[in-house]
Amino acid sequence: GKLDPVTGMKSRSGIVSAKDLEKIISDHDDVIFNWNPRKQLGKSSVTFASITKTLEDKDEKKQFYKLSNGITAVCKEIHGEENDEINIENLKITNGRQTTFALQEFQAIMQNNLNDVQLEIRIHEVKGKEEGAKISIANNKQNKTDEIDLLALDPRMENLQISLDNKFNDKDNKGIWFLERQRRAWIELDRKIQNHFTFRRRLEK
């Protein structure tokens with residue numbers, strides 16, 4: 001591990017089980033990627049095809065920890081580090097959405113086939129979203145990140161999204177406006193939720 005010489009915040013890196021990570025992501029999919037500039041790019045992306053090819057090879061999948069870029073995450077605090085275990089408060093994956101999406105899809109198709117797969121993870125304590133966004137922008141190079149993607153990390157965009165969710169509701173207290181702050185956020189929505197919004201009330205940044 002390492003301490004930031006400027007802020008004193010902790011950073012930790014290591015090799016983790018892809019199967020364990022996939023379960024954490026599936027359990028917290030609605031919030032764990034909130035600080036990522038975009039959602040997953042889908043199965044048509046070059047990255048998805050490359051990662052899947054590695055996972056399908058019986059030998060290369062055992063080397064996944066060094067044949068992929070791994071993931072970068074930030075958190076509020078890292079607690080306790082006894083017996084090779086740590087507790088992480090408010091984990092957010094800022095880079096590696098395409099990797100984690102490929103792992104989720106592979107696990108869904110090939111049940112329990114992530115048993116031999118491990119990957120590298122880097123976790124940084126941060127004081128707030130501004131530093132988290134800075135880390136995300138600096139590391140997000142696996143797929144080209146457009147300037148408009150980075151707007152998802154602008155606090156003003158998040159405040160606008162919160163305002164739309166809280167101030168404009170129908171008689172059932174459901175929001176009537178949808179702001180697509182992260183790229184592909186609309187596509188990832190459940191169809192029933194999509195049907196709740198009229199076309200004119202879907203906003204793109």
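A residue counts as buried when its relative accessible area is under 20%. Keep that cut-off in mind for this tour of a predicted model.

**Stop 1: Asp154.** Select Asp154. It sits in the loop between helix 6 (147-150) and helix 7 (155-167). Is Asp154 buried or exposed? Its relative accessibility is 15%, so Asp154 counts as buried. Lys129 and Asp154 are 25 residues apart along the chain, and their C-alpha atoms are separated by 9.2 Å.

**Stop 2: strand 3.** Select residues 71-75, which make up strand 3. How many of the 5 residues are buried? The count is 5 of the 5, so strand 3 is largely enclosed by the rest of the structure. In a regular strand, side chains alternate between the two faces of the sheet. Look at each side in turn. Ile71, Ala73 and Cys75 are buried on one side of strand 3, and Thr72 and Val74 are buried on the other. Both faces are covered.

**Stop 3: the partners of strand 3.** Show strand 7 (residues 118-125). It pairs with strand 3 in the parallel sense, over 5 bridges. Next show strand 6 (residues 92-95). Strand 6 runs antiparallel to strand 3, and 3 bridges join them. Zoom in on Thr72. Its bridge partner in strand 7 is Arg122. In strand 6, Asn95 stands opposite Thr72.

**Stop 4: the nonpolar core.** The largest nonpolar core has 23 residues. Select Leu55, Phe64, Ile93, Leu103, Val117 and Leu119, the residues with the most contacts inside this core. Helix 1 (18-27), helix 2 (46-56), strand 3, helix 4 (97-109) and strand 7 each give two or more residues to it. Which element gives the largest share? That is helix 4, with 4 residues.

Stay on Leu103. Leave aside its neighbours within four places in sequence. Leu103 is then in contact with Ala18, Glu22, Leu55, Phe64, Leu114, Val117 and Leu119.

**Stop 5: the aromatic rings.** The structure holds 1 aromatic pair. Select Phe48 and Phe101 to see this pair. The pair is tilted, with 5.5 Å from centre to centre and 45 degrees between the planes. Phe48 lies in helix 2 and Phe101 in helix 4, so the pair ties together parts 53 residues apart in sequence. Both Phe48 and Phe101 are buried.

**Last stop: a charge over a ring.** Select Phe33 and Arg97. Arg97 lies over the face of Phe33, at 4.0 Å from the ring centre.

Terms used
Residues are numbered from 1 along each chain as its sequence is written. This is a predicted model: local features need pLDDT of at least 70, side-chain atom pairs count only at pLDDT 80 or more; totals for chains, interfaces and linings use all residues. Side-chain values use heavy atoms; hydrogens and water are left out. Buried means under 20% relative accessible area, exposed over 50%, partly exposed in between (1.4 Å probe, protein chains only). Two strands pair if DSSP finds at least two bridges between them. A nonpolar core is a set of buried Ala, Val, Leu, Ile, Met, Phe, Trp, Tyr and Cys residues joined through side-chain atoms within 4.5 Å. Contact means heavy atoms within 4.5 Å. Rings of Phe, Tyr and Trp (its six-membered ring) pair if their centres lie within 6.5 Å; planes under 30 degrees apart count as stacked, over 60 as edge-to-face and the rest as tilted. A charge sits over a ring if NZ of Lys or CZ of Arg is within 6 Å of the ring centre and within 35 degrees of the ring normal.
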